[in-house]
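Good morning, colleagues. I would like to begin with the overall form of the chain and then turn to a single residue.

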Amino acid sequence: MSDYQRISEQLDDVADAREEGRRKMDWAAQHMPILEHVRDEFTADRPFEGERIGMAMHVEAKTAMLVETLAEGGAEVAITGCNPLSTHDDVSAALDSHENITSYAKRGVDDEGYYAAIEAVIGHEPTITVDDGMDLVAAIHEDYPELIETIIGGAEETTTGVHRLRSMDDDGALEYPVFAVNDTPMKRLFDNVHGTGESSLASIAMTTNLSWAGKNVVVAGYGYCGKGVAKKAAGQNANVIVTEVEPRRALEAHMEGYEVMPMAEAAEVGDVFLTTTGNRDVIVDEHFEKMQDGVLLANAGHFDIEIDLEALAERSVDHYEARDGVDAYEMADGRRLNVIAQGRLVNLAAPVSLGHPVEVMDQSFGVQAACVRELVDNGDQYDPGVHDVPDELDTEIAEIKLEAEGVEFDSLTETQREYMDSWDQGT
Ligand code: RBV
């Protein structure tokens, strides 16, 4: 093949990828009325003219709609992935073809490639950061502190990122304001519960072609994500077992009708294990020792630290790809323990995974967009540190969604409002 032919084939491949990425984005857009509303507003007002937004998020179709929404509002946006396995390369190519957007995201990068892309985003000298997991904030504080002076603020998408940010803030190390998008009702009650629940179970089912009905499904962690996973698994006729370390959450799971037991016991009876704790070393060697042949192990937490894969590799005598997205670890006694998506967040990192459903990401990203606007409008009113998203912004996003759904609802009368604000009217 001549050089000319090779180059023209490569160009065709890029064009095909862009087209496919665009098709995925168009589909998502049809189900994202909040972003559509916000985008119309941003396109008219151009609130981000002159701003540079650096992002590290899961680069796929829904995220792409957020990125475009910000770019249509006048921003120059640079983005990379927030997980080595969650990027859709075709969507990344489609995004990159926008004149105000540069995408460095690539699926399957190694650690070096991952951090090089984060640095490339930082190279655009962002005035606003939008993170999912806090890797951008961390890299800026560690390696490019000179940029902090010109950064207005940031927004953080996920529980793990907010947790890291709060620890950083407690240590007095966080030097610009960041909104805890994760903690808003419009995000957490939908994205973490329904989004994680539905997409994790769907990804596992599609990856394995196995049923939930009649399985013992062990859910580690009964936070918002764990609640969603437990509820949806129970809805699929699984027998749900919850493990917890926090007494009130353990009690809540118990009163919800789930079995609650230590992981050491659950390890012996579980068919499927799904971690949602945000902590490390949740399933470790002592558990692998007791597990049944054929179990499925998956993680829905942000980082791949919940299942101790090193210990599993050490304990195994053979390791092979059993299916696309399933690694089988064979023990000396013949048992096979199957890890899905390399223990990375299963709803995004398995080959068939698509991330959370479009509707919930519309909500989360609606809040993100509102936060970016708030930073541009009123950023100087926020001190360095973690901030709750102003309630009226979250409420505004809910109202846009209800209107799009054609759902009407009541409002308080003046008398009711006064009553709710009073304290002197008893029986
Ligand atoms: N999440 N993003 C997607 N773009 O498809 N799916 C899930 C997507 C986010 C979700 O908001 C969660 O807080 C975070 O990923 C965990 O990294």
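The radius of gyration is taken here over C-alpha atoms, and the globule rule is 2.2 Å times the number of residues to the power 0.38. For 427 residues that rule gives a value near 22 Å for a compact globule, and the protein chain, at 23 Å, agrees with it. Please note that this is a predicted model, in which local features need pLDDT of at least 70, side-chain atom pairs count only at pLDDT 80 or more, and totals for chains, interfaces and linings use all residues. Residues are numbered from 1 along each chain as its sequence is written, and side-chain values use heavy atoms, without hydrogens and water.

Along the principal axes, the C-alpha atoms fill a box of roughly 90 × 65 × 45 Å. The chain contains 17 helices and 15 strands, these being DSSP runs numbered from the N terminus (helices H or I, at least four residues; strands E, at least two). Of the 427 residues, 52% count as buried, that is, under 20% relative accessible area with a 1.4 Å probe, protein chains only.

Now to the single residue. Asp327 belongs to strand 13, which spans residues 326-331.

Beyond its neighbours within four places in sequence, Asp327 contacts residues including His319, Tyr320 and Gln342, where contact means heavy atoms within 4.5 Å.

Notes
Buried means under 20% relative accessible area, exposed over 50%, partly exposed in between (1.4 Å probe, protein chains only).
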